[in-house]
Amino acid sequence: MEVDSTTVIPSAKPITSSGMTNMTPDDYRNIFWSMLRDAIDQMLTHPPGSYKPISYEQMYSAVYKCVCKQYSEQLYADLMTHVKTRLGQWSNHLTSVEDDSFINEFHKALVQYFHALGGIVPIFTYMNRFYIESKLHTDLKTELIKVFSSLVSDQHVARLIPLMVAAQSRPFCIPPAVMSTMCKHLYQLNPEYTVIEPKLFSSYLPNVLPQMTEEDLQAQKKADYMLQESLRAQGWGCSNNMSSTRKRDLEDAPGPPNRG
């Protein structure tokens, strides 16, 4: 999240002797929550780095004042409801995406959300510490990950992972960096996703498959040997064959043009 510490939060009411502003329900809804909601929307809807820098100091101050004025429960409910609404829209969009674009669209959603978490969680640190952790006995990042899992990834993973397996079998169909990021974030969302296709995840994450036994090692050696033999039978790795092929190519190549 980009940080701009030059902006300060506007005062809704005169400062009291305690150093805090008075906050009515309308102040909370129309000033503090409205400002925080707009910042959340920027992080959830605009590509990373494409929106106006968000003042961490200003947003943290807004959350701090809401918590101190006993709006913690309302703030948490508003935050989760708003995120759920946006994720519901994302899920509906993914439902309409064709298979050939689905991996890239899901990747964009994953990257966008995890980038947004890097901004939302720090902004709501004070609420997390003094309300979510102390009273709900959980933490904000965990709850936000659960929401994405429930509303987005759980709804589409049965379609997504077979498409990823198919793409993996076609070189350069999907960039390896995209596949790696997808597997990493899916594992963060729910490690049980790896059970659907362990070999896919093991290509990009360590310790996904169970430790190989002696029998597994021997079977792997045999499979490697058979693959090498198959490649040799097709002419791969044979220097004599390659030299002969290169020689034939040179003999078949047209000579230089006759300039008269």
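Helices here are DSSP runs of at least four residues, numbered from the N terminus. With that in mind, please remember that this is a predicted model.

**A bent helix**

Let us begin with helix H6, which covers residues 140-168. How far does helix H6 span between its end C-alpha atoms? A straight helix of 29 residues would span 42 Å, but H6 spans only 34 Å. The helix bends by about 60° at Val157.

The side chain of Glu143 makes a polar contact with the side chain of Thr138, at 2.7 Å. Apart from neighbours within four places in sequence, the residues in contact with Glu143 are Tyr76, Met80 and Thr138.

Further along H6 you will find Ile161. Is Ile161 buried or exposed? With a relative accessibility of 1%, Ile161 counts as buried. Setting aside neighbours within four places in sequence, Ile161 is in contact with Tyr193, Ile196, Glu197, Leu200 and Phe201. Take Glu197 as an example: 36 residues separate it from Ile161 in sequence, yet their C-alpha atoms are 7.3 Å apart in space.

**Salt bridges between helices**

A search of the whole structure turns up five salt bridges. The table shows some of them, with the distance between nitrogen and oxygen.

| Salt bridge | N to O distance |
|---|---|
| Arg29 and Asp78 | 3.1 Å |
| Arg86 and Asp41 | 2.8 Å |
| Asp99 and Arg159 | 2.7 Å |

Start with Arg29 and Asp78, which form a salt bridge. Arg29 lies in helix H1 (residues 25-45) and Asp78 in helix H3 (residues 72-95), so this pair ties together parts that are 49 residues apart in sequence. Arg29 is partly exposed at 33% relative accessibility, whereas Asp78 is buried at 12%.

Next come Arg86 and Asp41, whose side chains also meet in a salt bridge. Arg86 lies in H3 and Asp41 in H1, so the parts tied together here are 45 residues apart in sequence. Both partners are buried: Arg86 has a relative accessible area of 17%, and Asp41 has a relative accessibility of 15%.

Asp99 is in helix H4 (residues 99-123) and Arg159 is in H6, and the pair links parts of the chain that are 60 residues apart. Asp99 is partly exposed, with a relative accessible area of 46%, and Arg159 is partly exposed as well, at 27% relative accessibility.

**Helix H7 and its buried residues**

How far does helix H7 (residues 176-189) reach from its first C-alpha to its last? Its 14 residues reach 20 Å, close to the 20 Å expected at 1.5 Å a residue. Several residues of H7 are buried, namely Val178, Met179, Met182, Cys183, His185, Leu186 and Leu189. These buried residues pack against H4, H6 and helix H8 (198-202). Cys183, for instance, has a relative accessible area of 0%.

**Cysteines without a bond**

How many disulfides does the structure hold? There are zero. A disulfide would need the two sulfur atoms to be within 2.5 Å. Cys68 is partly exposed, with a relative accessible area of 28%, while Cys183 is buried.

**A serine in a loop**

Our last stop is Ser55, found in the loop between H1 and helix H2 (56-68). Ser55 counts as buried, with 5% relative accessibility. A polar atom of its side chain lies 3.0 Å from the backbone nitrogen of Gln58. Ser55 and Ile123 are 68 residues apart in sequence, and their C-alpha atoms are 9.5 Å apart in space.

Methods
Residues numbered from 1 in each chain as written. Predicted model: local features only at pLDDT ≥ 70, side-chain atom pairs only at ≥ 80, totals over all residues. Heavy atoms only, no water. Helix = DSSP H or I, 4+ residues; strand = E, 2+ residues; numbered from the N terminus. Expected span 1.5 Å × (residues − 1). Bend = angle between axes of the 7 residues up to and from the residue. Buried < 20%, exposed > 50% of the residue type's maximum accessible area, 1.4 Å probe, protein only. Contact = heavy atoms within 4.5 Å. Salt bridge = Lys/Arg side-chain N within 4 Å of Asp/Glu carboxyl O. Polar contact = N/O pair within 3.5 Å; in protein donor to acceptor, adjacent residues only side chain to side chain.
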